[in-house]
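Subject: Structure handover

Hello,

Here is the structure for you to open. Please keep it on screen while you read the notes below.

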Amino acid sequence: MAAVFTYSLVVWIAKPAFDKRLLPYSRPQVPAEYQQTIILSGKDGKPFWKGDGRELYFSSHRAGWNDCRWAFALGKKYWRYDPDTHVWIVDMPMVVNNARGDGWRLCSNQLGKLLATTEESELRAQILHWNRAKAIVVGLSSFLGLIALFLLTANRRYFRIALAAVFLGWAFVIVADRAGADFFDGPPISIGSLAVLGILLGGVSTFAIACDGKLVAVEK
């Protein structure tokens, strides 16, 4: 529970943030073919959506732009716009994918201009960053507070078992976070922040077990 609670706080504090000033998004001009009511039909020919073509273009354009930004931030090679790869295509009618392609191309061009003066690795770190300092401070403080509360209230006979359970719980959420990030193609929490917290957790556990051993020896 301590590990899960602390992990949740760290994710909330250190959630990724894009630098909107460095890579801004602005609404594009709507092509003429979207300035009308549009009906989207499935592969079976049955319509499943009807609405304002301009809003459809805006939302699809922004989705393509966002996907390109994520692809670059995650180090994917396909972030560069290439009309032959069609990486922005999803299982939707082409009227949607054409707008997504426009958004992807816009983001790719913006990134290309920024890369003219900045290294790709440096730009990637600037565009998407984690608040590591706050993550470490908040996470460590929360976890140590929970451990201190446990020390004041728990029976020492269950002390080692509880510490092992907390450590395993922490390891579980780290592994789950990495696996989830790969599955959803999103950014995991900074592995550096998790590593520091894990090392501190190990140190606290070792120190607590040593103190517990001394207390038991004194009682005997």
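The notes below go from the overall fold to the cores, the surface and the salt bridges.

This is a predicted model: local features need pLDDT of at least 70, side-chain atom pairs count only at pLDDT 80 or more, and totals for chains, interfaces and linings use all residues. Residues are numbered from 1 along each chain as its sequence is written, and side-chain values use heavy atoms, with hydrogens and water left out.

**Fold**

The protein has seven helices and four strands. Helices (H or I, at least four residues) and strands (E, at least two) are DSSP runs, numbered from the N terminus. Reading from the N terminus, the order is α-β-β-β-α-α-α-β-α-α-α. Of the 220 residues, 32% are buried. Buried means under 20% relative accessible area, exposed means over 50%, and partly exposed is in between (1.4 Å probe, protein chains only). Now take contacts (heavy atoms within 4.5 Å). Among those between residues at least 6 apart in sequence, 74% join residues at least 24 apart.

**Cores**

A nonpolar core here is a set of buried Ala, Val, Leu, Ile, Met, Phe, Trp, Tyr and Cys residues joined through side-chain atoms within 4.5 Å. The largest one has 16 residues. Leu23, Phe72, Trp79, Cys107, Leu111, Leu123 and Ile127 have the most contacts inside it. Helices α2 (53-73), α3 (94-114) and α4 (120-127) each supply at least two residues of this core. The biggest contribution comes from α2, with five residues. A second, separate core has nine residues, including Val30, Tyr34, Leu40 and Leu56. In soluble globular proteins, nonpolar side chains tend to be buried together.

Look at Trp79 in the largest core. Leaving aside residues up to four places away in sequence, Trp79 touches Cys68, Ala71, Phe72, Trp104, Ser108, Leu111, Gly112, Leu115 and Glu120.

**Surface**

The protein exposes about 13500 Å², and carbon and sulfur atoms supply 62% of it. Accessible areas come from the Shrake-Rupley method with a 1.4 Å probe; for residues, only the protein chains shown count as cover. Phe48, Trp49, Val90 and Met92 make a nonpolar surface patch of about 340 Å². Patches are made of residues with over 30% relative accessible area and no salt bridge; like charges are joined within 9 Å, nonpolar side chains (Val, Leu, Ile, Met, Phe, Trp, Tyr) within 5 Å. Val90 sits in the loop between α2 and α3. Val90 is partly exposed, at 34% relative accessible area.

**Salt bridges**

The whole structure holds seven salt bridges. Each is a side-chain nitrogen of Lys or Arg within 4 Å of a carboxyl oxygen of Asp or Glu. Three of them follow.

- Asp67 and Arg100: the closest N and O atoms are 2.4 Å apart. Asp67 lies in helix α2 and Arg100 in helix α3, so the pair ties together parts that are 33 residues apart in sequence. Arg100 is buried at 9% relative accessible area, while Asp67 is partly exposed at 32%.
- Arg124 and Glu120: N to O is 2.7 Å. The two are four residues apart in helix α4, separated by about one helical turn. Arg124 is buried at 19%; Glu120 is partly exposed at 29%. Glu120 is also one of the residues that Trp79 touches.
- Arg21 and Asp19: N to O is 3.8 Å. Arg21 is exposed, at 77% relative accessibility.

Best wishes
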